[in-house]
Amino acid sequence: MKKFGVVFLIGVLMLVALSGCGQKSQQDVVDALDKKLNEMESYKVNAKMTLETGEEPQRYDVEIWYQKPSFYRVELKNASKEQSQIILRNDEGVFVLTPALNKSFRFQSDWPENGSQAYLYNTLVLDILNDSGAEFEAKENDYVFTTKTNYQNKNLSKQSIQLNKKDLAPEKVTIMNQDQKPLVDIEFSNMKFNASFDKGAFDMERNMTAAQLEVPVIATTNEPFEVVYPMYEPQGTGLTDEKEVATNKVMLSFTGEKSFTLIEEKSEAVLETSAPVSVGEGQPVDLGFTMGVMTDTTVTWNHNGVDFFLASNDLSQEEMASVARSVYGMTEIK
């Protein structure tokens, strides 16, 4: 009996050892990601992004292209609004295109290397590589990393990154606040590594023209627009004045400890055949639902056919971005 017990114990230990032979450690996966990032020439991937930062979830379809060393194309589309925005990076700079308005803006910027980007595989991998304290879990078909973040929105403090075991492709990203409440969910599909691109795939004018074939330039109408109020106001600051300064243009004044002004104006499409390009002094800022332009004292952006301009000498850039990100609810027809 004793001999049988010893044999049985040895058998159990061998089974345990064998079962772990095929399991990669956290360091193994990190090393594989580092190698993949260095060897990867390009990729294409689609994603569905859901923002849980308002009273109702906002959903966007995202298409992402990347070509080594630093060409990017990200198209954000809200299907219900039939509008899209394209973020491009090529040798000429970083562009933010709004095809429905025939408008574009150009920056001299190091985007997206200057921070985390939830829908870009490159920066997700870098977030894993740069966080020595990242948590790791190996599931049946996936690896899951929980890391710190480097988003412009400091409320997005942690993220869960789920990767397919087979090829380390992204499957899902969940970004959480300090209370572990999910604020952004992104589900990826159709990941294609080392994808091929046509010549001009990252060209500004070509992308503007192609996007307008899908969503034509909007026609100017006299219909009223909805005035949208920020859901976030700094403590000690509130709305004290609201006035229509021109047709389809409203100015909201917020005064207190940290005063600011928010101007909203119905967008008008530029009707020239070629879109004008503005070279910006500011930097692109990710507002979640759209990309904006930030300087030391202002943030400008377009959303759902409305141009927004926020200005303040009291708010920090992070506070201005927080106010801008909250401008999506409590609407009233004007």
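This is a predicted model: local features need pLDDT of at least 70, side-chain atom pairs count only at pLDDT 80 or more; totals for chains, interfaces and linings use all residues.
1. Strands 14 and 15. Strand 14 (residues 249-256) and strand 15 (residues 260-266) are paired in the antiparallel sense over 6 bridges. Within this part of the sheet, M251 stands opposite I263 in strand 15.

2. Strands 17 and 18. The antiparallel pairing of strand 17 with strand 18 runs over 4 bridges. Q283 has M294 of strand 18 as its bridge partner. The two strands make a hairpin with 4 residues between them, and in this hairpin G288 takes a positive phi near 90°.

3. Strands 18 and 19. Strand 18 and strand 19 also form a hairpin, here with 3 residues between the strands. Their antiparallel pairing covers 2 bridges.

4. Nonpolar cores. The largest nonpolar core has 72 residues, and those with the most contacts inside it are Y43, Y119, Y121 and W301. Strand 11 (residues 182-193) gives the largest share of this core, 6 residues. Another core, of 7 residues, lies apart from it; among its members are L88, F95, L97 and A211. In soluble globular proteins, nonpolar side chains tend to be buried together.

5. Aromatic residues. The structure holds 14 aromatic pairs. Why does the pair W301 and F308 count as stacked? The ring centres of W301 and F308 are 5.0 Å apart and the planes are at 5°, so the pair is stacked; the cut-off for stacking is planes under 30 degrees apart. Both W301 and F308 are buried. One aromatic cluster is formed by Y43, Y66, Y72, W111, Y121 and F193.

6. Contacts of Y43. Which residues touch Y43, leaving aside its neighbours within four places in sequence? Y43 is in contact with I64, W65, Y66, L120, Y121, N122, M191, K192, F193, N194, A195 and F197. Y66, Y121 and F193 also belong to the aromatic cluster that includes Y43.

7. R73. Is R73 buried or exposed? R73 has a relative accessible area of 7%, so it is buried, the cut-off being under 20%. R73 is found in strand 3 (residues 71-78). Its side chain is joined to that of E63 by a polar contact of 3.0 Å, and to that of N207 by a polar contact of 2.5 Å. With neighbours within four places in sequence left aside, the contacts of R73 include I64, W65, I86, I87, L88, A201 and F202.

8. A100. A100 lies in the loop between strand 5 (93-98) and strand 6 (103-107). Although in a loop, A100 counts as buried, because its relative accessibility is 2%. A100 and S84 are 16 residues apart in sequence, and their C-alpha atoms are 7.3 Å apart in space.

Key:
Residues are numbered from 1 along each chain as its sequence is written. Side-chain values use heavy atoms; hydrogens and water are left out. Buried means under 20% relative accessible area, exposed over 50%, partly exposed in between (1.4 Å probe, protein chains only). A polar contact is a pair of N or O atoms within 3.5 Å; within protein, one must be able to donate a hydrogen and the other to accept it, and residues adjacent in sequence count only if both atoms are side-chain atoms. Contact means heavy atoms within 4.5 Å. A nonpolar core is a set of buried Ala, Val, Leu, Ile, Met, Phe, Trp, Tyr and Cys residues joined through side-chain atoms within 4.5 Å. Two strands pair if DSSP finds at least two bridges between them. Rings of Phe, Tyr and Trp (its six-membered ring) pair if their centres lie within 6.5 Å; planes under 30 degrees apart count as stacked, over 60 as edge-to-face and the rest as tilted.
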